[in-house]
Amino acid sequence: DIQMPGMTGIDVVRQAAGRCLFVFVTAYDTYAIEAFEQNAIDYLLKPVSDERLTKTVKRLKDRLADAVPAPDMMTAVLGCITEIWM
């Protein structure tokens with residue numbers, strides 16, 4: 001959500017930049033542009049319809065599928081990790 005005790009949803013996104021995928025679900029439309037500037041996957045306004053949520057889940061699945069490294073890349077990463085720890 002956008003408005004939470006202690007910090008905003010935008011603050012959370014900034015602190016976790018690059019480590020997570022974010023979807024905002026909120027009643028406030030005024031933060032949508034800022035959310036997308038922080039690379040939010042989607043911005044849903046409450047109440048959320050089943051159809052809209054389904055589209056968001058597909059968008060997340062597509063983004064996650066694109067983020068999975070190819071097998072040869074995974075082998076290279078694991079090789080680097082092994083070298084570092086050995």
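User: How many residues does the protein have, and what percentage of them is buried?

Analyst: In this predicted model, buried residues account for 19% of the 86 residues in the protein. The accessible surface comes to about 6600 Å², and 61% of that surface belongs to carbon and sulfur atoms.

User: Which elements make up the secondary structure of the protein, and in what order do they run?

Analyst: The protein has four helices and two strands. From the N terminus on, the order is α-β-α-β-α-α.

User: Why is D42 called buried?

Analyst: The relative accessible area of D42 is 2%. Buried means under 20%, so D42, at 2%, counts as buried. D42 belongs to strand β2.

User: What makes the approach of D42 to T56 a polar contact?

Analyst: The two side chains meet at 2.7 Å. A polar contact requires a pair of N or O atoms within 3.5 Å, one able to donate a hydrogen and the other to accept it; the pair formed by D42 and T56 therefore qualifies at 2.7 Å. With residues up to four places away in sequence left out, D42 touches F22, V23, F24, F36, R52, T56 and R59.

User: Why is N39 called exposed?

Analyst: N39 has a relative accessibility of 61%. Exposed means over 50%, so N39 is classed as exposed. N39 is located in the loop between α2 (32–37) and β2.

User: What makes the phi of N39 worth noting?

Analyst: Phi of N39 is near 70°, which is a positive value in a residue other than glycine. Most residues other than glycine have a negative phi.

User: Which residues does a cis peptide bond join, and where does P47 lie?

Analyst: The cis peptide bond joins K46 and P47, with omega at about -5°. P47 lies in the loop between β2 (42–45) and α3 (50–67). Most peptide bonds are trans.

User: How do you know that β1 and β2 are paired?

Analyst: Four bridges join β1 to β2. Pairing needs at least two bridges, so these strands, with four, count as paired. The two strands run parallel. Across the pair, V23 stands opposite D42, and V25 stands opposite L44. Together with α2, the strands β1 and β2 make a right-handed β-α-β unit.

User: Which residues of β1 are on the covered face and which are on the uncovered one?

Analyst: In β1 (residues 23–26), F24 and T26 form the covered face, while V23 and V25 form the uncovered one. In a regular strand the side chains alternate between the two faces of the sheet.

User: What makes up the largest nonpolar core?

Analyst: This core has nine residues in all: I10, V13, A16, F22, F24, A32, A35, A40 and Y43. Helices α1 (9–15) and α2 each supply at least two residues of the core. A nonpolar core consists of buried residues of listed nonpolar types joined through side-chain atoms within 4.5 Å. One member, A35, touches I10, F24, A40 and Y43, not counting residues up to four places away in sequence.

User: What percentage of contacts between residues at least 6 apart in sequence join residues at least 24 apart?

Analyst: Among those contacts in the protein, 24% join residues at least 24 apart.

How values were computed
Residues numbered from 1 in each chain as written. Predicted model: local features only at pLDDT ≥ 70, side-chain atom pairs only at ≥ 80, totals over all residues. Heavy atoms only, no water. Buried < 20%, exposed > 50% of the residue type's maximum accessible area, 1.4 Å probe, protein only. Right-handed = clockwise from strand over helix to strand, strands pointing away. Contact = heavy atoms within 4.5 Å. Areas by Shrake-Rupley, 256 points an atom, 1.4 Å probe, with all protein chains shown as cover.
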